[in-house]
Every structure is written in C-alpha cells, then in structure tokens.
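Here are a few notes to read with the model open beside you. Take the points in order and find each place as you go.

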Amino acid sequence: GKVLAGPEYFTIFDGRTGAALATTDYVPSREPQDGWGGIGGNGGSDDNGNRVDRFLAGVAYLDGRLPSVIMARGYYGRSVIAAWDWRRGQLNSRWVFDSGSAPPPYPNPAASPYSGQGNHSLSIADVDADGKDEIVYGAMMVDDDGKGLFSTGLRHGDALHAGDLDPATPGLEVFGIHENEEATIALKTPGAALYDARTGQILWSLLPGGDVGRGLAADIDPRHRGAEFWTNAGAGLIDVRGERIGEAPSSANFAVWWDADPLREILDSNWIAKWDWKSSALVRLLTASGAASNNGSKATPALAADILGDWREEVIWRADDNESLRIYTTTIPAADRLHTLMHDPQYRMAVAWQNVGYNQPPHPSFFIGDGMKPAPHPRISVPARPR
C-alpha cells in the first residue's frame, strides 16, 4: 500500500559506496493530500495517494555549465518542480516552481494555467537556444530560472516527444497525447497535438475530446519530410502539417534507431520492426526470444539508448524469468556516420529521465531522418570537477 504519513527525504548518495552524503526534506511535502487535483485526467482529486504520489525526475543544465537535479511531484493538478544543486559537497535548493492548486469543483476555469498540464514523463531541452535547459513538463514549459515560460492548456497526457520533429521549421517541437475523461470531456481538449517548444503555439491538433492513451513521433516514411505522428486512437499517419498521409502502424508504444538508414524503427513488447511505407505493413527485424517488456500493455523496454558508441540504439530487456538483463545491439552496418547520440546534451538528458514515470524514446536536439542535414558537431568540454 501507499505511504501516506511520516517524513519524506531527498538524499544524495555516493555512487561507489552507497554512503549518504547529504539529506534534506523532500520538496514539496505531500500535504494537503487532497490538494493535488485539477483539470488533468478526469479532473478529480483524492486523498488516497493517487494524485499526490506522482513523481518525476531528471537532470538539467540550468546554468548551461553544470547539471542540476530536477525532482517533481504531481501532474494531474498541482505540479511542483524543485531544482537542486550538488556543489563541492553541499546540497542547495536552486529554485522551486509551484503551479498552485486548482480548488474544486473540477474542472475549474479559475485554475492556474499551469495546473493539470503534466504528463507521465518529462523532457529536458534548451527550447530558447540560450545554452540553458528548460523543463518540458508535458503541455507546459518551465524556464531555466524556475519561472513558468508558457502553458498550452492542452492538459495531462501520457506519451511525450520533444525534439526537432519538423526540420523545415526553426527550433524544437513537442508532440503529446492527452486524456479526456469524465468531467474533462466537456473541455474538448485535443487528444493529440504538436506545439512550438519556444513559444507554446499549437501548430495542429486532432481528436477533440478524445481519450488517447498511446502516441509516437518518428520519421518512418521518406516520402514526407520530418517526423510522422500516430496514436492508438485512429486518425491514421499524420505529417508535420497535421494532415493524414495514410494508414498508421498498429503499434504506437516505442521507437528505436536500429537498421542502416536514419529512419526510425518501431519497438514493442520484445520485438523491433521496420515500417514498409509502400505496403503499410510492419516488417519484423528482431524478435528477442526469452526477453520480456515492462509496464503491461505499454510494453516498454528497460532502456533503449545509444550506449555502446554507434549512433544506433541498443535495447535492454529483462529476461522473461527475471533473472537477468539482456543488451541487444544491431548487427547491421550503418549507412551514415554520426557522432554517438550521447554526445548530444538533449539526448543524454533524455536517457537520464527515461525511466521515470512511463519511459519514452529519447530524442536528440537535431533531426535524424530521411534527408537530414549533417548532424551538428558536438561542443565537448570537460569542466573541472568541483571539490
């Protein structure tokens, strides 16, 4: 059962020895436990730990130089994000963002514009190109200084994708799917939408009032520039302009770069498949016999990331007997040479947050796909280690 009483702590541990190096109270506290509802999801609240015990975490370069820890609580209503600095053996609060509460009844038009906008994951990206990271908190954005940058009002959803999804448009875009349930169906929030990561402008939206549970953004069709978008709720395969271009893959759970070309492949359960855009069919490339996925019908791997040095991604699944982890790597020679994806700060931060909430495919800060421009040369520097 849930722990609904007693102290909560935030601790920095030594990665080699496990020794506790610093401990402080967790920010924010859970109280009041019925104060975490809002306009996200079904628009309700509770006092049984469901809304209050929703945690996310990440790492961000908020000053453009050294990493800070991001700890978050809540996303259906009140959302609080705390940034912490670990410097020279000292743990200090950098800032705390608090969306504020949305008083009942739900949904409440008087709620904070930042209420109920979080997803089951977050993303970290430098959306304004100032060299400092922002927190992509679902349908809203928090600036590097801990102030709200904007809220789209698109509300809570599950899957979240932030990257250069439309290479013909400057900057980054964010694609998300959104829930409409019970009291919030009346809001007619789009079930899927793409917005500009710098400004929050909604570029296109679909399925108003729809309750969408799965969604992917990946370049899988070379006939259309940029990423394609699809969900488990119909609407077909969508291009960067929001137009339907054909049938969508039957899977909308996960994606991975696996074969020779820069198009992305589809990962689900214990298999990887290529989308054949000519016949609108999935062509199986790998079935990991004896391996199993996580998170029920979300069917995600333990981790998918470029961890071995080739820009294509490895997949880590658990063995189906739960006695081991397995690392799978492609055996297909790449047609293109790129720096490892971990050289890209946004991708590296995406790997750091991937296993909080519902893990999602990591995206770099630049477009990888058909007709891509040469990948940017990474600026590599090694700062002196604080002592």
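1. Start with the open sheet: four strands lie in the order S19-S20-S21-S22, paired antiparallel. Keep in mind that this is a predicted model. From one strand to the next, the twist averages 40°.

2. Now look at the edges of that sheet. Strand S19 (254-256) and strand S22 (281-287) each have a single partner strand, so one side of each has no neighbour in the sheet. As background, strands of a sheet pair through backbone hydrogen bonds, in either a parallel or an antiparallel way.

3. Which strand does S20 join through three bridges? Strand S20 (residues 265-268) is joined in this way to strand S21 (residues 271-276), and the two run antiparallel. For a landmark, find Leu-267, which stands opposite Ile-272 in S21.

4. Next, go back to strand S1 (residues 9-13) and strand S2 (residues 20-25), an antiparallel pair with five bridges. S1 and S2 make a hairpin with six residues between them, and Gly-18 in the turn has a positive phi of about 85°.

5. Last stop, the surface. Ile-307, Leu-308 and Ile-327 make a nonpolar patch of about 290 Å². Leu-308 belongs to the loop between strand S24 (303-305) and strand S25 (314-319). Is Leu-308 buried or exposed? Leu-308 counts as exposed because its relative accessibility is 57%, and the cut-off for exposed is over 50%.

Notes. Residues are numbered from 1 along each chain as its sequence is written. This is a predicted model: local features need pLDDT of at least 70, side-chain atom pairs count only at pLDDT 80 or more; totals for chains, interfaces and linings use all residues. Side-chain values use heavy atoms; hydrogens and water are left out. Patches are made of residues with over 30% relative accessible area and no salt bridge: like charges are joined within 9 Å, nonpolar side chains (Val, Leu, Ile, Met, Phe, Trp, Tyr) within 5 Å. Accessible areas come from the Shrake-Rupley method with a 1.4 Å probe; for residues, only the protein chains shown count as cover. A salt bridge is a side-chain nitrogen of Lys or Arg within 4 Å of a carboxyl oxygen of Asp or Glu. Buried means under 20% relative accessible area, exposed over 50%, partly exposed in between (1.4 Å probe, protein chains only). Two strands pair if DSSP finds at least two bridges between them. Axes are lines fitted to C-alpha atoms, for helices over the stretch in contact, and angles run from 0 to 180 degrees between N-to-C directions.
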